[in-house]
Amino acid sequence: TTKDLGIAKDPNPSVTAHEIVISNLDPATQYFFRIRSADAQGNSSFSANFQFTTSGTVQIPGISQVANASQKLLTEKISELLNKVTDAKALEIIQQQLQAAGEAALAPPIIIGEPHLDIGTDTATINWATDKEANSIVDYASDGEYSSGGYAHKEEDAETYTLAHSITLRGLNSQTLYHYRITSKPQIGPQAQTDDKTFTTKSVLPQIFGIHLIGVGEDTATLTWSTQVPAGGLVEYTNLSTKETKSIGDPSMQIGHTIRLPDLKFRTNYSALIKANTVSGDIISSQPITFITTKDDTPPVITNVGNESTLYPGSDVKVQTIIAWDTDKPSICQLFYGEGVTVTNENKVSLSPETGYVLKHTQVITDFTPSTVYKFWVECNDKNNNHAKSEDFVLYTPTQEKNIIDLILQNFQGTFGWVNNIGK
């Protein structure tokens, strides 16, 4: 390994083609050599000096723990080169560089900026970047889980070291607040970790179906539709002649929707667009529908008929009954009733017709008798005098309660028959 050469001899007889095998050499090591040959008479000569370097790698303690093949090869190469450096100043410079490189390698990665989130109804993809290669870990939990015990779930790619990170959380609940924390750990050195962060998954988008255009009149039209999840409703309608667009809506979250379009022009073409919005602000729209206002010849539809009776005890027992109902378009209605389950013209009674065209109707009756069956119905007319009659309804007024004196007398009458004669 130095120019102070040793000797390796070939004991074979004299030949003109020579070969000597030198064994047990060190790997990745430079050797010096020259050749001496002598004939049978002892005449000899020497070649010039030559050199060669054995292949392979220098055995470095702990090298087997380097998992990355390229890094392992680079480490072996650097170690080989270091063995050749003998100058003290050069070694000092190398030491300084190694110390700086070690400090940089052992510094935790930096998570650059805020993570970017792509949020759906049941998934969330979290993207972030680091200044050095590290793995990708996200701990997460719903708000309820986080409040009771921290992060309940983990999604990670712990074996991939990269600068650009992306983790997708699946199986989330819609319209739910989640907490999450990002962790990135390099192969060597401490990890980087964010503080707690939050996001809210989106609501399930409503689907608009069952669209019906009912009650088209001279200046109004009514649209009904349904959504599979509660949503607010809005209708944008356009006069196709003037291109004027108006909108009317109902922000309440419900599944069944009815919106009446007012102040339309008679015999005019209109286009209407239905929109449904979720509590998180997502909006979907239906295909536009067109219609023309015309003379209304359809009768009003009477719905939601109900009654409630209250007994007012006293010397003159009274029953107050409230009867209420709805119509799908402004109408004037009249209430008819009679005692018993069969009502004829002879025992039929009616209240005075209402004084204005309204959608919600209420009538109060105060002359019903306690413990009595009554039949009633409603008849309505809209502004075009289209007439509608409801089905017949039956109600039973409350039973009169006996006061304490009545109960005492009834008890005595059952025990002492002579009580019945008192006052006779």
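**View A. Lys329 and Asp382, a buried pair.** Lys329 and Asp382 are both buried here, where buried means under 20% relative accessible area, exposed over 50% and partly exposed in between (1.4 Å probe, protein chains only). Their side chains meet in a salt bridge, N to O at 2.8 Å; the term covers a side-chain nitrogen of Lys or Arg within 4 Å of a carboxyl oxygen of Asp or Glu. Because Lys329 sits in strand S18 and Asp382 in strand S21, the pair ties together parts 53 residues apart in sequence. Strands (E, at least two residues) and helices (H or I, at least four) are DSSP runs numbered from the N terminus. A note for every view: this is a predicted model, so local features need pLDDT of at least 70 and side-chain atom pairs count only at pLDDT 80 or more, while totals for chains, interfaces and linings use all residues. Residues are numbered from 1 along each chain as its sequence is written, and side-chain values use heavy atoms, with hydrogens and water left out.

View B. The side chains of Lys360 and Asp326 meet at 3.5 Å, N to O. Lys360 is in strand S20 and Asp326 in strand S18, so this pair links parts 34 residues apart in sequence. Lys360 is exposed at 64% relative accessible area, whereas Asp326 is buried at 17%. Over at Glu114 and Lys197, the salt bridge comes in at 3.0 Å, N to O. Strand S5 (residues 111-119) holds Glu114 and strand S10 (residues 197-200) holds Lys197, so parts 83 residues apart in sequence are tied together. Glu114 is exposed at 61%, and Lys197 is buried at 19%. The structure holds 9 salt bridges.

**View C. The largest nonpolar core.** This core has 18 residues, and Ile323, Trp325, Leu335 and Tyr337 are among those with the most contacts inside it. A nonpolar core is a set of buried Ala, Val, Leu, Ile, Met, Phe, Trp, Tyr and Cys residues joined through side-chain atoms within 4.5 Å. Strands S17 (302-312), S18 (318-339), S20 (358-368) and S21 (373-382) each supply at least two of its residues, with S18 giving the most, 6 residues. Zoom in on Phe368 and, leaving aside neighbours within four places in sequence, its contacts are Val319, Thr321, Tyr337, Tyr374, Leu395 and Thr397; contact means heavy atoms within 4.5 Å.

**View D. Lys375, a buried lysine in strand S21.** Lys375 is found in strand S21 and is buried, with a relative accessible area of 13%. Its side chain reaches the backbone oxygen of Val341 at 3.5 Å. Not counting residues up to four places away in sequence, Lys375 also touches others, including Phe336, Tyr337, Asp392 and Phe393.

**View E. Tyr180 in strand S8.** Tyr180 belongs to strand S8 (residues 177-184) and counts as buried at 3% relative accessibility. Val138 is 42 residues away along the chain, yet the C-alpha atoms of Tyr180 and Val138 are separated by 6.6 Å. Beyond four places in sequence, Tyr180 touches residues including Pro115, Leu117, Tyr151 and Phe199.

Technical notes:
Polar contact = N/O pair within 3.5 Å; in protein donor to acceptor, adjacent residues only side chain to side chain.
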